[in-house]
Amino acid sequence: MTIILNGEPREIAARALDAALAELGYGGAHVATAVNGDFVPRGARAGVELNDGDRLEVLAPLQGG
Amino acid sequence: MGFDRDELERYARHIVLHEIGGPGQQRIKAAKVLVIGAGGLGSPAILYLAAAGVGRIGIVDDDEVSLSNLQRQVLHHTDEVGEPKVASAARAVARLNPHVEVVTHDARLTPENADGIVAGYDMVLDGSDNFDTRYLVNRAAARAAKPLVFAAIGRWEGQVAVFDPAAGGPCYECIFPERPAPGLVPACAEAGVLGAMAGVVGAMQAVEAVKLIAQAGEPLRGRLMLYDALGAEARVIRVKPRADCPVCGDASRG
């Protein structure tokens with residue numbers, strides 16, 4: 001299925017958010033996630049299913065000021 | 001607290017705004033705002049807060065102005081290289097608006113001094129440049145039940161949010177519960193940062209601060225804005241408080 005990752009279309013096979021992150025190369029990274037504009041905490045990722053066309057934001061923390 | 005003739009003229013374009021008006025401008029004059037870091041974010045934020053007539057601006061920074069700062073830190077000038085940033089910042093504010101009182105804290109924010117410094121203000125703006133300070137500021141603001149106008153930048157992008165657990169919103173640790181290992185996320189010195197992008201994001205912090213003070217519009221509370229300068233896009237994600245957040249969740253209330 002195709003999702004929109006940080007504004008860009010991406011093909012993924014995984015449906016669960018935690019598996020999708022691993023497939024997209026974010027496994028183990030300290031990132032924050034949002035699906036269709038709603039933040040999903042790390043502990044809730046396994047229970048969130050992605051659907052075709054969903055918008056996924058993956059945010060790395062920034063430290064600069 | 002009234003305004004003299006000069007102040008009425010100086011703030012005329014704010015007073016004429018329906019959402020600010022005389023009462024809002026009075027609140028701005030009465031406000032005490034603490035800015036952590038007089039760098040890429042603090043520079044525009046401090047200048048706009050001073051121009052807006054915030055009564056007292058506290059500035060925390062233990063750094064000195066260096067030549068490589070000047071590409072984005074518009075508070076400081078070439079002839080101030082080598083001076084403490086708080087001194088340079090105080091001079092810039094005094095030139096811009098003599099009605100503003102500046103309190104300089106020429107120190108690094110530490111677990112020992114954070115609560116005492118934050119206690120003197122109504123609101124905190126985080127424009128610091130490292131994760132240790134960011135987690136410290138978030139905890140100190142949450143403990144003091146004061147709103148935190150957060151922003152962070154890197155390369156071509158920035159993040160802005162209002163963290164205000166006392167008003168029912170989430171905090172920084174709701175979103176980023178784990179501090180990245182040292183060296184994992186590059187600092188601006190290693191990765192680079194677009195100067196004007198820092199200006200946009202620091203000015204957004206000033207916008208949110210003035211809105212909160214004047215009680216105008218909808219604050220960026222419970223929302224995080226991502227500004228992607230390279231893609232010329234801004235996206236907003238909605239964030240709820242996390243019940244298991246150690247800073248603002250149920251456990252923190254005992």
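How many residues has helix α10 of chain B, and what distance does it reach from its first C-alpha to its last? In this predicted model, α10 of chain B runs over residues 195-214 and has 20 residues. The helix reaches 29 Å from first to last C-alpha, close to the 28 Å expected at 1.5 Å a residue. Of the 20 residues of α10(B), 14 are buried, so the helix is largely enclosed by the rest of the structure. The residue that follows α10(B) is B:Q215, and its phi is positive, near 55 degrees.

Helix α5 of chain B, residues 85-96, has 12 residues. Its reach from the first C-alpha to the last is 16 Å, close to the 16 Å expected at 1.5 Å a residue. The buried residues in α5(B) are B:K85, B:V86, B:S88, B:A89, B:A92 and B:V93. Viewed down the axis of α5(B), these buried residues fall within an arc of 160 degrees, so they line one face of the helix. The elements that cover them include, in chain B, the helix α4 (42-52) and the strands β2 (56-60) and β3 (101-105).

The largest pocket has a volume of about 650 Å³. Its lining is made up of 31 residues, and A:A60, A:P61, A:L62, B:R155 and B:E157 lie nearest its centre. Two or more lining residues come from each of β5 (55-59) of chain A and, in chain B, β5 (148-154), β6 (157-163), α9 (188-191) and β7 (223-228). By class, the lining of the largest pocket divides into 19 nonpolar, 7 polar and 5 charged residues.

The second largest pocket holds about 490 Å³ of space. A total of 28 residues line the second largest pocket, and those nearest its centre are B:D63, B:Q73, B:K85, B:S128 and B:D129. Among these, B:K85 is also one of the buried residues of α5(B). The lining of the second largest pocket comprises 8 nonpolar, 13 polar and 7 charged residues.

A further position concerns a loop of chain B. B:A167 is found in the loop between β6 and α8 (172-175) of chain B. The relative accessible area of B:A167 is 41%, so this residue is partly exposed. B:A167 and B:G21 are separated by 146 residues in sequence, and the distance between them in space is 24 Å, C-alpha to C-alpha.

Definitions and conventions
Residues are numbered from 1 along each chain as its sequence is written. Chains are lettered from A and ligands numbered from 1 in the order in which they are written. This is a predicted model: local features need pLDDT of at least 70, side-chain atom pairs count only at pLDDT 80 or more; totals for chains, interfaces and linings use all residues. Side-chain values use heavy atoms; hydrogens and water are left out. On a 1 Å grid over the protein atoms alone, a cavity is a set of points where a 1.4 Å probe fits but cannot get out, and a pocket is an open set with protein on both sides within 12 Å along at least five of seven lines; lining residues have an atom within 4 Å of a point. Grid points are joined across faces, edges and corners, and a volume is the space filled by probe spheres set on the points. Helices (H or I, at least four residues) and strands (E, at least two) are DSSP runs, numbered from the N terminus. Ala, Val, Leu, Ile, Met, Phe, Trp, Tyr, Cys and Pro count as nonpolar, Asp, Glu, Lys and Arg as charged, and the others, Gly among them, as polar. The expected span of a helix is 1.5 Å times one less than its number of residues. Buried means under 20% relative accessible area, exposed over 50%, partly exposed in between (1.4 Å probe, protein chains only). The arc is that of the directions from the helix axis to the C-beta atoms. Contact means heavy atoms within 4.5 Å.
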